[in-house]
Amino acid sequence: MSLNQIPTIPANGADIPAFGLGTWELREEVATQMVSEALRLGVRHIDTARRYANEKPVGEGIRASGVPREQVFVTSKVWWEDLEPARFEAAADAALADLDIGHLDLLLIHWPNPAVPLADTLRALAAVKRKGLARHVGVANFPVALLDEAVARCEEPLACNQVEFHPYLDQSGLLAACRRHGVALTAYSPLAIGRIVKEPLVAEIAVARGRTPGQIALRWLVQQDGVAVIPRSSKAERIRENASIFDFALAEEEMARIKALARPDGRFVSPAWHPDWD
Ligand SMILES: NC(=O)c1ccc[n+]([C@@H]2O[C@H](COP(=O)([O-])OP(=O)(O)OC[C@H]3O[C@@H](n4cnc5c(N)ncnc54)[C@H](OP(=O)(O)O)[C@@H]3O)[C@@H](O)[C@H]2O)c1
C-alpha cells in the first residue's frame with residue numbers, strides 16, 4: 001500500500017505529518033536503516049533528539065533514502081539541562097551540525113526545567129527560529145499551565161506539544177488546551193512502549209476489523225483532531241504496518257470503548273525531572 005496519503009496537521013503555520021517515525025533507542029546502523037526505509041515507504045516525518053545520540057545516523061538515513069530534503073519533516077529536541085539561553089543555542093547548532101540537513105523543521109524544548117526562567121528559554125527558542133535553524137518551534141512534556149504560559153510568552157508561535165498519549169493515559173484536558181492554542185499534540189509512546197498490542201479489547205477490535213492491534217491503537221489517536229503519532233520500530237515491516245492507518249476509521253462506539261481503557265497508573269514515562277502532571 002502506498003503511504004502517500006498520510007494527512008498533515010495544521011499547527012500555527014506548520015503542517016505536521018500525522019504519522020512519523022520515533023527513533024529513541026535506535027542507534028547507529030539501525031537508526032540509519034529504519035529512517036531510510038521509512039522514508040522509502042512514504043513516511044515523511046522523523047522524530048529525534050539531542051538526547052537520543054543518534055542525530056548523525058538519522059541524518060545519514062535521510063540522505064540515503066533519496067527523498068528530497070524539502071519533503072521530509074524533521075524534529076529534534078534540546079535536553080532540559082541545556083535550557084539556559086547560551087547552552088540552548090549551542091545545542092540547536094549541534095543538532096543541525098550532526099543531522100547535516102540544512103535546517104530543522106521543528107525544534108522542541110524536550111522537558112521543562114524550573115531552574116531556568118521559562119521566558120529566557122523561550123527567547124532562545126524564538127531566536128533559533130528567526131535565525132533560520134528551525135522552521136517551527138514547540139515544546140514537549142508541558143502540562144496545561146506551562147503550555148498556557150509558554151504560548152503567552154513566546155515571541156514565535158508554538159506548533160507542537162509532544163507528550164505521552166495512548167489509550168491508558170487520559171490526556172483530554174491537555175488535548176483541549178492544545179486545540180485552544182492551535183498547537184498540535186504529538187503523541188509519544190503511542191503504543192504505550194509496546195504494551196497496548198497485548199490489550200484484549202484492542203486485540204478484539206483488531207480481529208473484528210482485520211487489522212493489527214498496533215494499527216487500532218494508532219488509529220484511535222490520529223482519529224482525534226490535532227493528534228499526530230510517532231511510534232518507534234526497529235523493523236521495516238512494522239513501520240509499514242504502523243503507518244497504514246489512514247484508510248479506515250473506527251466507529252464512535254469503538255473510540256469510546258478504547259478511551260475507557262484510561263487508568264490512574266497509565267503513565268509510563270515520568271523521570272525524576274518530570275513537571276507536575278495534569
Ligand atoms: N518527548 C519525549 O520526552 C519522548 C519520550 C518518549 C518517546 N518519545 C518519542 O516517541 C517515540 C515513540 O515512543 P517509544 O519509543 O517510547 O514507544 P512506542 O512507539 O510506544 O513503542 C515502541 C515499542 O513498540 C514495539 N512496536 C512497534 N510497533 C509495533 C507493532 N506494530 N506491534 C508490536 N510492537 C510494536 C517496538 O519494538 P520493535 O522495535 O521490535 O518493533 C518498541 O519496543 C520515541 O521513539 C521518541 O521518538 C519522546
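Trainee: What makes strand S5 (residues 73-78) and strand S6 (residues 104-109) a pair?

Mentor: Four bridges join S5 to S6, and two strands pair if DSSP finds at least two bridges between them. Strands here are DSSP runs of E with at least two residues, helices are runs of H or I with at least four, and both are numbered from the N terminus. This is a predicted model, in which local features need pLDDT of at least 70, side-chain atom pairs count only at pLDDT 80 or more, and totals for chains, interfaces and linings use all residues. Residues are numbered from 1 along each chain as its sequence is written.

Trainee: Why do strand S3 (21-22) and strand S10 (227-229) count as edges?

Mentor: The open sheet has eight strands in the order S3-S4-S5-S6-S7-S8-S9-S10, with parallel pairing. S3 and S10 each have a single partner strand, so one side of each is left without a neighbour in the sheet.

Trainee: Why is helix H5 (residues 144-153) called roughly parallel to helix H6 (residues 172-181)?

Mentor: Their axes come within 10 Å and cross at roughly 10°. Axes are lines fitted to C-alpha atoms, for helices over the stretch in contact, and angles run from 0 to 180 degrees between N-to-C directions. Angles under 35 degrees count as roughly parallel, over 145 as roughly antiparallel, 65 to 115 as roughly perpendicular and the rest as oblique, so H5 is roughly parallel to H6.

Trainee: Which residues of H5 and H6 meet?

Mentor: Val144, Leu147, Asp148 and Val151 in H5 meet Gly173, Leu174, Ala177 and His181 in H6, contact being C-beta atoms, placed from the backbone, within 7 Å.

Note on methods:
Two residues are in contact if their C-beta atoms, placed from the backbone, lie within 7 Å.
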